[in-house]
Amino acid sequence: MSEIHVVRKDNRQLYESYFDPYFRLRHDIYVKQRKWMALDRPDGREIDQFDTDEAVYLFCLDEGRLIGGMRAVPTLSPTLMSEIFPHLNIRGPIHRPDVYELSRIFVIPERRGEHAGPRIDMLLLTAIMEYGISTGLTGFSIVLESWWLPRFERCGWKAHPLGLPQTMDGMAVLAVLVDCDEATWASLCGQIGLSKPTLTWRGLAGVNRRALPALSPPARPAVQPARSAHRDAGDCAA
Ligand code: COA
């Protein structure tokens, strides 16, 4: 059974043993597999300037094994969009307490695609929406590869472009602002067959958050979003 754990500075000590494997997995996935060589580091860990105390991580754990993850960084702090890709956002910098920037979403190769139970990528997209509405966020900024857009469209994420796509290393990359709202969360839960919130908030009793209700009526049976026959020409920076 896959569980999505919220990991922040307040409870990081409970998850300390996961961080080394987490950064090594990021290196394997982004440097070795995706060939994002700008992220290469001789110690075999992919860590950047946005992995600060302020970063919030979602760790997807299955029987104690880390099988996927995602990072959220407050836009009041420096972000990928503000520091590395400001030219993608022609609307001007986003520095808002209610918007976090998402990046580094991944699923380990053997758990990608169509598998029994909810797809891990869909679970992560649902979980981050739950995190957002629980903690009072209204949006997520993202620098992404254009192939995410049809995926977002299929699962109901409302992504508003902040500028035109630009080609980087042969890949179309753009900046978007995604709505974080309860209707989207409820719809995602329905699509993957969840009838109640899914996040594990271990060690975070002190965090000010809204407890979300169980969903009613009961969620529909799990539906896997259709997979495209072809990969888009885009690739990404997030
Ligand atoms: N380029 C273009 N399309 C891609 C892609 C890429 N690099 N990676 C995934 N996709 C799209 C395709 O539409 C693909 O469909 P296809 O198999 O018919 O081509 C679809 O996503 C399914 O991808 P799949 O890899 O089977 O896994 P998933 O849906 O379970 O998980 C990710 C998607 C992105 C989480 C997973 O591919 C992953 O971890 N990738 C490495 C990390 C990464 O690149 N993250 C995004 C940037 S932060």
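In this predicted model, a search of the whole structure finds 2 cavities of 30 Å³ or more. The largest cavity holds about 40 Å³ of space. Its lining is made up of Val7, Arg8, Lys9, Arg12, Phe19, Thr52, Asp53, Ala55 and Tyr57. By residue class, this lining of the largest cavity divides into 4 nonpolar, 1 polar and 4 charged residues. Empty space of this kind is located by rolling a probe the size of a water molecule over the atoms.

Salt bridges were searched for over the whole structure as well, and 22 were found. One of them joins the side chains of Lys32 and Asp28, with a distance of 3.3 Å from N to O. Both residues belong to helix α1, which covers residues 16-33, and Lys32 and Asp28 are 4 residues apart there, about one turn of the helix. Lys32 is exposed, because its relative accessible area of 53% is over 50%. Asp28, with a relative accessible area of 29%, is partly exposed.

A salt bridge is also formed between Asp43 and Arg45, whose closest N and O atoms are 3.6 Å apart. Asp43 has a relative accessible area of 30% and is therefore partly exposed. In a further salt bridge, the side chains of Arg96 and Asp98 meet at 3.0 Å, N to O. Arg96 is partly exposed, at a relative accessible area of 34%, whereas Asp98 counts as buried because its relative accessibility of 19% is under 20%. Elsewhere, salt bridges that share partners join Arg26, Glu46, Asp48, Asp51, Arg71 and Arg104 into one network.

Arg104, a member of that network, also has a positive phi of about 55 degrees although it is not a glycine. Most residues other than glycine have a negative phi. Arg104 lies in strand β4, residues 99-107. With a relative accessibility of 1%, Arg104 counts as buried.

A positive phi occurs at Glu63 too, where the value is near 50 degrees, again in a residue other than glycine. Glu63 is placed in the loop between β2 (56-62) and β3 (65-74). Its relative accessibility is 75%, so Glu63 counts as exposed.

Terms used:
Residues are numbered from 1 along each chain as its sequence is written. This is a predicted model: local features need pLDDT of at least 70, side-chain atom pairs count only at pLDDT 80 or more; totals for chains, interfaces and linings use all residues. Side-chain values use heavy atoms; hydrogens and water are left out. Helices (H or I, at least four residues) and strands (E, at least two) are DSSP runs, numbered from the N terminus. Buried means under 20% relative accessible area, exposed over 50%, partly exposed in between (1.4 Å probe, protein chains only). On a 1 Å grid over the protein atoms alone, a cavity is a set of points where a 1.4 Å probe fits but cannot get out, and a pocket is an open set with protein on both sides within 12 Å along at least five of seven lines; lining residues have an atom within 4 Å of a point. Grid points are joined across faces, edges and corners, and a volume is the space filled by probe spheres set on the points. Ala, Val, Leu, Ile, Met, Phe, Trp, Tyr, Cys and Pro count as nonpolar, Asp, Glu, Lys and Arg as charged, and the others, Gly among them, as polar. A salt bridge is a side-chain nitrogen of Lys or Arg within 4 Å of a carboxyl oxygen of Asp or Glu.
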